[in-house]
Amino acid sequence: MSVDMASERDLLSTEIVNNGIESSGPNAGSLTFSVKVRKRLPDFLQSVNLKYVKLGYHHLINNAIYLATIPILVLVFSAEVGSLSREELWKKLWFDACYDLATVLGFFGVFVFTLSVYFMSRPRSIYLIDFACFRPSDDLKIGGYKAYFGDVFQVSKEQFIDLARKSGKFDEQSLEFQARILNSSGLGDETYIPKSVITSTENTATMKEGRAEASLVMFGALDELFEKTKVRPKDVGVLVVNCSIFNPTPSLSAMIINHYKMRGNILSYNLGGMGCSAGIIAVDLARDMLQANPNNYAVVVSTETVGYNWYPGSDRSMLVPNCFFRMGCSAVLLSNRRRDYHRAKYRLEHIVRTHKGADDRSFRCVYQEEDEQRLKGLKISKELVEIGGEALKTNITTLGPLVLPFSEQLLFFATLVSRHLFNKEGSQLSLSSGKQRPYIPDFKLAFERFCVHAASKTVLDELQRNLELSDENLEASRMTLHRFGNTSSSSIWYELAYMEAKEKVKRGDRVWQLAFGSGFKCNSIVWRSMRRVRKPSRNPWLDCIERYPVMN
């Protein structure tokens, strides 16, 4: 009998149904629920309705203040006005205005003055008009290997190792190590590297090679940007360029000004040595300059030179960057002009910057130095993922109150308090660790689109696991790593370009760009989409977007 009852219970499932707000009776004004028992109902946790229940709960909590106060105000106003006829109401308003005209005029003047001060003192909105990402043109493909674009090779992982072996710069152990890293890197077979780093047996870290590569990628991205936006270079009032490794004299910003013959009073800045998160720092600087200089355009150029930092030695911690970093560049046009509201793609919402440089481990986890043979390279610490996680935790703790729904903040705070109050030593709240698992805020409720710096497959895996993001959330990051590799500070713009090519960005979507780099720094920037973004006519993904996403 008991066995039959147990098996019968296994075939039953319960479903909680929301019956809405009770209109009468002792429970009037309260939510009521009923429980339905069904056979062979799919697992509730797999039901798509669960998503809407959770979203509805957050919506209710976030708008509780309005739901509580608006009905009261409406009732009070209705009771006051409802006792008067229309003629009595107009008579009362006109009599009061005539009787104390000075008070009415004074109140109106104070209202207009306060409103004017508010609109004049509030920060100007910063709009992103458009952006462009460098990609060699197909008409430069002239044979050789899988693809050869003038001074740029497009190589597969196998061809990369084959060319590295033929260059004579690496011993067999170094080649085997790089092959193992590449096979698990998440990179595909169509990334770009300068021709000189593989085909030349001489030193490629020269000023000539660095300037040639920087000119190729920067001017390629800027030409496309000016063509797409129809903005003349002379109209740009602020120019910010960031490149971590290559910092010549004259600067890269001066190279751009000279090439495009920009105006003499342009405010130009060149950021160096700030790593893969420098693109967000550059946008932050451009925002500050635009706030101080109204009715202006700002251009932000983010790039990194691969050849100038190519390491030809045998130190494994310095060989890692060779396997991940690839050519890339982005150019972004910002504006603070109100008339650009209707043609802008995005509006800047928040920028949060975190710097952990005071900690020695963080400071040295990505460090440029010479090896024992005095060969210059970028040394990557084995503790990079751990240090990056600490910086990320600090950054999202600051960002959370700015973007998360109040309900998520309340849950996080409640969990934090309960952990401190009840997680005493020796408590048995969890069978695995003896501690209550910390509550991780659901950032999917704060953002619709995620652009996480495509550093490596390992970093993306760890970040996805810790923030509990879905595969779809990190699709743009993984596909950018596969197609273009780690393009340093410009990678978050290749990811946004991927979303635009897929036509995923809709009006009102919030886009979170997250980057981290040497120092150690972790920076976040939040944009809000001003309109539905259609597939652009110029985009680095257009020739291959139909093949993505791919299994990686």
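Ser 362 is buried, with a relative accessible area of 1% (buried means under 20% relative accessible area, exposed over 50%, partly exposed in between, using a 1.4 Å probe and protein chains only). Ser 362 sits in helix H13, residues 360-364. Helices (H or I, at least four residues) and strands (E, at least two) are DSSP runs, numbered from the N terminus. The model is predicted, so local features need pLDDT of at least 70 and side-chain atom pairs count only at pLDDT 80 or more, while totals for chains, interfaces and linings use all residues. Residues are numbered from 1 along each chain as its sequence is written, and side-chain values use heavy atoms, with hydrogens and water left out.

**The whole chain**
- The protein chain holds 18 helices and 16 strands.
- Of its 552 residues, 45% are buried.
- The chain exposes about 29,600 Å², and carbon and sulfur atoms supply 57% of that area. Accessible areas come from the Shrake-Rupley method with a 1.4 Å probe; for residues, only the protein chains shown count as cover.
- Take the contacts (heavy atoms within 4.5 Å) between residues at least 6 apart in sequence: 76% join residues at least 24 apart.

**Confidence**
- The chain averages a pLDDT of 81, and 72% of the residues score at least 70. pLDDT is the predictor's confidence in each residue, from 0 to 100.
- Over residues 36-57 the pLDDT is below 50, and this stretch has 21 contacts in the model beyond near neighbours in sequence.
- Residues 138-149 also have a pLDDT below 50, with 27 contacts beyond near neighbours in sequence.
- Where pLDDT is low, the predicted coordinates should not be read in detail.

**The sheet**
- Nine strands form an open sheet with mixed pairing, in the order S8-S7-S9-S10-S3-S11-S16-S15-S14. Two strands pair if DSSP finds at least two bridges between them.
- Strand S8 (267-271) and strand S14 (449-452) are the edges, each pairing on one side only.
- The twist averages 20° from one strand to the next. Axes are lines fitted to C-alpha atoms, for helices over the stretch in contact, and angles run from 0 to 180 degrees between N-to-C directions.
- S14 and strand S15 (residues 510-517) run parallel, joined by four bridges. Arg 449 stands opposite Val 511 in S15.
- Helix H11 (residues 278-292) packs on the sheet, and its direction makes about 165° with that of S9. H11 touches several strands, including S7, S8 and S9.

**Buried places**
- Leaving aside neighbours within four places in sequence, Ser 362 is in contact with Lys 356, Ile 387, Gly 519 and Phe 520.
- Helix H18 (residues 491-501) is largely enclosed by the rest of the structure, because eleven of its eleven residues are buried. Among them are Trp 493 and Glu 495.
- Cys 522 is buried at 0% relative accessibility, and Cys 544 is buried at 1%.
- The whole structure has zero disulfides (a disulfide is a pair of cysteine sulfur atoms within 2.5 Å).

**Backbone exceptions**
- Most residues other than glycine have a negative phi, and most peptide bonds are trans.
- The bond from Gly 519 to Phe 520 is cis, with omega near 5°. Phe 520 lies in the loop between S15 and S16.
- The bond from Thr 249 to Pro 250 is also cis, with omega near -5°.
- Arg 374 has a positive phi of about 60° and is exposed, at 69% relative accessibility.
- Ser 488 has a positive phi near 65° but is buried, at 2% relative accessibility.
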